[in-house]
Amino acid sequence: MKPLETKRFIDIRSNLINKAKGEVLEIGCGTGINFSFYKDVTVTAIEPNPVLRKTSYERASEAKTPIHVIEGNAEQLSFSDHSFDTVVGTLVLCTIPNPVKAIREISRVCKPTGTILLFEHVRHENAILGKLQDLLSPVWKRACDGCHLNRDTIHLLKEEEIEIIEINKHLGDIFVTIEARKKQK
Ligand SMILES: C[S@@+](CC[C@H](N)C(=O)[O-])C[C@H]1O[C@@H](n2cnc3c(N)ncnc32)[C@H](O)[C@@H]1O
């Protein structure tokens, strides 16, 4: 995604992260690109890739707020139920091998009153563009470290009883920011 990390992406990330409150979990933090946007919160960030994690430690040490980076897998989180006020994921549900498991884990560790903040690229609603993504997806996956270009993340969230409070589309409607919560029973 490096070529896209322009002012537009910085604004998208910053606006999303500004909504984080209280105890925050960030899944798949990569190099810690979001860390400079957190303010007045306490962040636990998990990242399975040791190379990316190393850079994220440096960014955590420069952040305005306490950020604790640990090794972790979003499909099997090592936290108790209802541990976090906010769970953040940016450009990560597209890469996680089993996104349904990850969404269930996000839902489990998020407090019932908590917020789920996501920035993802998703399968396009336009049938032709969606098909084009399907065609490109195998090559994209090999070139981009397991990323699924055509993942229908919005559908997966709804299937897992995640209620979408706000959704904003960006850059030709391929990228979305989502504010969501667990469906109230
Ligand atoms: C495209 S990168 C995005 C990194 C960062 N979140 C960002 O916004 O730039 C995808 C990230 O997902 C992480 N990832 C892959 N599988 C994962 C899993 N099972 N649990 C948590 N993170 C995972 C990768 O290691 C990588 O850091």
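Pro-97 is exposed, with a relative accessible area of 65%; here exposed means over 50%, buried under 20%, and partly exposed in between, using a 1.4 Å probe and the protein chains only. You will find Pro-97 in the loop between strand 4 and helix 3, where helices (H or I, at least four residues) and strands (E, at least two) are DSSP runs numbered from the N terminus. Its C-alpha atom is 28 Å from that of Ser-36, a residue 61 positions away in sequence.

Before we go further, a word on what you are looking at. This is a predicted model, in which local features need pLDDT of at least 70, side-chain atom pairs count only at pLDDT 80 or more, and totals for chains, interfaces and linings use all residues. Residues are numbered from 1 along each chain as its sequence is written, and side-chain values use heavy atoms, with hydrogens and water left out.

Leu-91 has a positive phi of about 50° although it is not a glycine. Most residues other than glycine have a negative phi. His-82, in the loop between strand 3 and strand 4, likewise has a positive phi, near 55°. His-82 counts as partly exposed, at 42% relative accessibility.

Strand 4 itself covers residues 84–90, and Phe-84 lies in it. With a relative accessible area of 4%, Phe-84 is buried.

Now turn to the ligand. There are 17 residues around it, and those that come nearest are Arg-13, Gly-28, Glu-47, Asn-73 and Thr-90; a residue is near a molecule or strand if one of its heavy atoms lies within 4 Å of it. The shell divides into eight nonpolar, six polar and three charged residues. In that scheme Ala, Val, Leu, Ile, Met, Phe, Trp, Tyr, Cys and Pro count as nonpolar, Asp, Glu, Lys and Arg as charged, and the others, Gly among them, as polar.

Asn-73 places a polar side-chain atom 2.8 Å from a ligand nitrogen, and Ala-74 has a backbone N or O atom 2.9 Å from a nitrogen of the ligand. A polar contact is a pair of N or O atoms within 3.5 Å; within protein, one must be able to donate a hydrogen and the other to accept it, and residues adjacent in sequence count only if both atoms are side-chain atoms. On its own the ligand has 590 Å² of accessible area, and the protein covers 83% of this; such areas come from the Shrake-Rupley method with a 1.4 Å probe, and for residues only the protein chains shown count as cover.

Polar contacts occur inside the protein too. Thr-65, in the loop between helix 2 (50–62) and strand 3 (67–70), is buried at 6% relative accessibility. A polar atom of the Thr-65 side chain lies 2.3 Å from the backbone oxygen of Val-41. His-170 belongs to strand 6, residues 162–170, and counts as buried at 10% relative accessibility. The His-170 side chain reaches the backbone oxygen of Asn-168 at 3.4 Å.

What about the cysteines? A search of the whole structure finds zero disulfides, a disulfide being a pair of cysteine sulfur atoms within 2.5 Å.

Finally, the record. An unreviewed UniProt entry carries the annotation "domain: Methyltransferase type" over residues 25–117; UniProt positions are given in the numbering used here, feature names are shortened, and annotations may be inferred rather than shown by experiment. Over residues 25–117 the chain is 26% helix and 29% strand, and the end C-alpha atoms are 10 Å apart.
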